[in-house]
Amino acid sequence: MDAEAAEVVKRIFALCLGGYGPTQIARILKEEQVITPTIHFMQTGRTTRNAPPDNPYNWTGDTIADILERPEYQGHTVNFKTYKQSYKSKKTCYNPKEKWLVFENTHEAIIDADTWERVQELRKNKRGPTRTGKTNMFSGIVRCADCGEKLYYCTSRNFEARQDHFVCSTSRLKGKEICPTHFIRAVVLEQGVLAHLRLVISCVANHEEQFRKAMGAKQKTEAKKELATKRPQATRAERRIEELDRLFKRIYEDNANGKLSDSRFSNAF
């Protein structure tokens with residue numbers, strides 16, 4: 001494992017969990033003068049298709065977003081992320097995720113499964129910083145109790161912390177007749193969540209055995225659901241492997257029979 005690169009990846013995931021978006025994380029790494037992946041590859045003697053940037057610390061939001069979405073950091077190997085329309089074409093095309101072939105636990109993981117899932121959930125509910133540059137830990141994840149839509153985080157450079165608030169997006173965009181105005185100050189939401197967490201922790205401490213049983217039952221249910229979800233994926237992966245085996249065998253036979261030249265046979269692999 002590349003220990004230096006692994007630490008940068010871990011920091012990127014930690015910053016994301018801390019509420020920072022890709023653009024903000026890129027700015028932080030740039031200010032801290034952390035070299036970009038392209039420069040790191042060049043310094044360690046590895047080849048890279050990208051031209052070296054003029055600024056070796058010039059991280060971009062797109063680079064950070066790509067890192068946050070790479071399954072390889074969980075210790076998996078991913079094949080068929082890209083393809084070419086023909087052997088004559090040099091243009092690389094990108095396959096949708098459902099066409100990827102993922103082999104799990106093929107190498108040491110940098111990011112554990114729990115951290116990965118939490119980051120992916122945050123990315124699903126991503127919300128950029130406001131024009132003031134201020135963010136809130138609940139941005140993009142709090143929803144209206146009535147209509148179920150997201151609550152907008154509202155702030156201003158002139159606001160004190162106690163004035164930052166959330167409002168229902170439906171009420172704001174479609175009117176109060178669609179969904180009555182819902183408003184909550186950010187500080188009240190934070191205090192409410194903290195109070196609830198303390199209550200849950202207290203209940204767990206006082207009723208540990210019941211909590212363990214409840215969590216065990218929940219985990220079994222979730223494991224059954226996950227297994228049911230992964231069975232079709234495993235079936236598709238097995239069919240894809242069989243398809244590739246047939247393809248490789250055909251290419252080998254064509255080469256052996258002289259239908260495919262040695263050079264084209266080498267390029268196929």
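Just after helix α2, Gln33 takes a positive phi of about 55 degrees, with helices (H or I, at least four residues) and strands (E, at least two) taken as DSSP runs numbered from the N terminus. The structure is a predicted model, in which local features need pLDDT of at least 70, side-chain atom pairs count only at pLDDT 80 or more, and totals for chains, interfaces and linings use all residues. Residues are numbered from 1 along each chain as its sequence is written, and side-chain values use heavy atoms, with hydrogens and water left out.

Within α2 itself (residues 22-31), the buried positions are Pro22, Gln24, Ile25, Ala26, Ile28 and Leu29, where buried denotes under 20% relative accessible area, exposed over 50% and partly exposed in between (1.4 Å probe, protein chains only). These buried residues of α2 pack against α1 (3-17), α4 (61-68) and α5 (113-124), contact being defined as heavy atoms within 4.5 Å.

Rings of Phe, Tyr and Trp (its six-membered ring) were paired if their centres lie within 6.5 Å, planes under 30 degrees apart counting as stacked, over 60 as edge-to-face and the rest as tilted. By this rule the count comes to three aromatic pairs. The pair of Phe13 and Tyr73 is edge-to-face because the ring centres are 6.5 Å apart and the planes stand at 80 degrees. This pair links distant parts of the chain, Phe13 lying in helix α1 and Tyr73, 60 residues apart from it, in the loop between α4 and β1 (77-79). Both Phe13 and Tyr73 are buried, and ring pairs link these two residues and Trp116 into a cluster.
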